Amino acid sequence: MRTQVCIIGGGPSGLLLSQLLHKAGIDTVVLERRTRDYVLSRIRAGVLEWGSVELLRDAGIGPRMDAEGFPHTGTYLALQNRGFRVDFHKTTGKQVMVYGQTEVTSDLYKARDAMDGIVIHEAEGVTPRALDSTAPYVTYHKDGTERRVDCDFVIGCDGYHGVSRRSMPANVLKEYERVYPFGWLGILSETPPVDHELIYANHSRGFALCSMRNANLSRYYVQAPVDDPIEKWTDDAFWDELKRRIPEEAADRLVTGPSIEKSLAPLRSYVAEPMRWGRLLLCGDAAHIVPPTGAKGLNLAIGDVKYAADALVAHFRHGDDSGLEQYSQKALARVWGAIRFSWWFTTLMHRFPEQSDFDQRIQETELEQLEASVAAQTVMAENYVGLPY
Ligand code: FAS
Ligand code: PHB
């Protein structure tokens with residue numbers, strides 16, 4: 001098989017890039033290791049920056065997002081059994097959209113189907129080759145047969161555990177990492193959200209987050225030891241801990257119910273540089289990971305895809321390679337901005353194992369200064385709604 005752009009990974013990055021390039025008249029093939037159902041079973045991000053919303057509309061998947069998503073103009077930060085609101089719209093003139101990654105991925109799959117986009121599932125042993133040549137190709141196995149895709153570019157959209165980043169020479173790749181000494185235990189419950197906006201709670205027992213997917217589907221998280229056995233966290237244990245960490249006025253109105261999904265995710269900050277080597281470009285989690293505190297993971301992936309799509313269209317349409325040459329530098333500038341914000345917000349809101357009472361008061365004092373300062377709230381809001389592309 002031959003195509004112009006071979007994309008490894010059929011998550012949000014790979015599907016969005018394939019959709020944008022196809023709409024620009026550029027042929028793509030997506031190679032995905034898992035089944036479509038498996039990809040769509042993942043419960044992950046929940047908040048879209050407005051730049052992401054606009055790009056998804058450009059990709060043609062705006063209608064359901066605009067009909068079922070929830071625009072949010074602010075968020076609550078809670079400490080010492082009380083909370084205050086950071087108003088994104090008043091400070092930045094922008095907002096975010098609460099619309100789950102699962103729905104974004106489902107909409108992208110439907111859009112790919114409508115354009116007869118080529119997404120090959122259960123592609124095993126995907127291996128990018130000749131990346132430092134002008135004729136790269138990718139081999140993989142499907143139904144016991146080795147297959148080959150010849151192409152002009154390979155885009156690694158295969159996430160943190162994918163093969164693309166590992167295909168770069170070790171002496172080219174520089175990695176930066178911070179692993180956090182805790183995880184996020186998340187549940188989905190078919191209950192009405194505790195509030196119409198998100199509540200991020202700092203508490204001496206640990207962080208908690210109240211979010212949602214729709215008027216009868218709520219998403220909650222509590223900070224937990226990353227090696228906790230999930231069985232330890234019965235629904236009752238989860239609800240009890242969440243109620244202890246959010247302000248009493250919220251806990252009193254919290255509607256609990258059986259969890260329909262429960263998972264414990266580790267937290268890390270990670271960046272791989274460069275994001276391009278020869279005819280390979282990396283997008284999304286293949287190149288970087290952020291702790292979900294700042295709701296940046298999916299949004300960074302979408303930003304990378306925008307830069308990659310613009311660069312590839314300029315190459316194929318006009319023979320202009322400036323976008324490709326600047327891709328890594330441009331994408332990394334925005335990645336590091338989100339890495340910093342996610343690290344800052346995670347450090348501010350979580351209880352670290354060695355943390356003293358002094359450290360707890362420092363966190364609370366920084367939150368009190370954030371509450372009192374419109375300038376400080378503006379900086380936070382600018383990062384939360386999304387740095388400019
Ligand atoms: P993805 O990992 O989503 O997709 C990569 C795809 O490549 C997968 O479908 C995988 O099957 C496939 N693949 C991997 N290796 C392959 C190979 N060798 N060959 C072929 N295909 C291969 N972000 C937020 O903003 N908020 C959150 O609350 C949040 N929660 C998260 C919870 C968890 C458990 C995880 C893991 C991530 C979370 N994230 C969150 C981040 C997440 O949303 C990512 O940023 C987002 O999925 C990035 O999308 P992709 O880059 O497409 O990577
Ligand atoms: C979510 O709804 O899953 C969510 C929202 C905000 C975050 C992280 C996760 O910062």
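Mentor: In this predicted model, let us begin with Asn81, which is partly exposed because its relative accessible area is 46%, a value between the limits of 20% and 50%. Asn81 is placed in the loop between E5 and E6. Its phi is positive, about 65°, although the residue is not a glycine. Most residues other than glycine have a negative phi.

Gln80 lies in the loop between strand E5 (74–79) and strand E6 (82–87), and this residue, likewise not a glycine, has a positive phi of about 45°. With a relative accessible area of 40%, Gln80 is partly exposed.

A further backbone feature concerns a peptide bond. Most peptide bonds are trans. The bond joining Glu273 and Pro274, however, is cis, with omega about -10°. Pro274 belongs to the loop between strand E17 (259–273) and strand E18 (276–277).

We may now turn to the aromatic side chains. Across the whole structure, a search finds 17 aromatic pairs. One of them is formed by Tyr307 and Tyr389: the ring centres are 6.3 Å apart and the planes stand at 80°, so the pair is edge-to-face, the cut-off for that class being over 60 degrees. This pair links distant parts of the chain, since Tyr307 is in helix H9 (residues 297–318) while Tyr389 is in the segment after helix H12 (374–385), 82 residues apart. The two partners can also be described by their accessibility. Tyr307 is buried, with a relative accessible area of 9%, whereas Tyr389, at 34%, is partly exposed.

The rings of Trp344 and Phe345 have another arrangement: their centres are 5.7 Å apart and their planes are at 20°, so this pair is stacked, because planes under 30 degrees apart fall in that class. Both Trp344 and Phe345 are buried. These two residues also belong to one aromatic cluster, whose other members are Phe88, Trp184, Tyr200, Phe207, Tyr221, Phe341 and Tyr384.

The charged end of Lys296 sits over the ring of Tyr384, 5.8 Å from its centre. Elsewhere, the charged end of Arg34 sits over the ring of Tyr38, at 4.3 Å from the ring centre.

Definitions and conventions
Residues are numbered from 1 along each chain as its sequence is written. Chains are lettered from A and ligands numbered from 1 in the order in which they are written. This is a predicted model: local features need pLDDT of at least 70, side-chain atom pairs count only at pLDDT 80 or more; totals for chains, interfaces and linings use all residues. Side-chain values use heavy atoms; hydrogens and water are left out. Rings of Phe, Tyr and Trp (its six-membered ring) pair if their centres lie within 6.5 Å; planes under 30 degrees apart count as stacked, over 60 as edge-to-face and the rest as tilted. Helices (H or I, at least four residues) and strands (E, at least two) are DSSP runs, numbered from the N terminus. Buried means under 20% relative accessible area, exposed over 50%, partly exposed in between (1.4 Å probe, protein chains only). A charge sits over a ring if NZ of Lys or CZ of Arg is within 6 Å of the ring centre and within 35 degrees of the ring normal.
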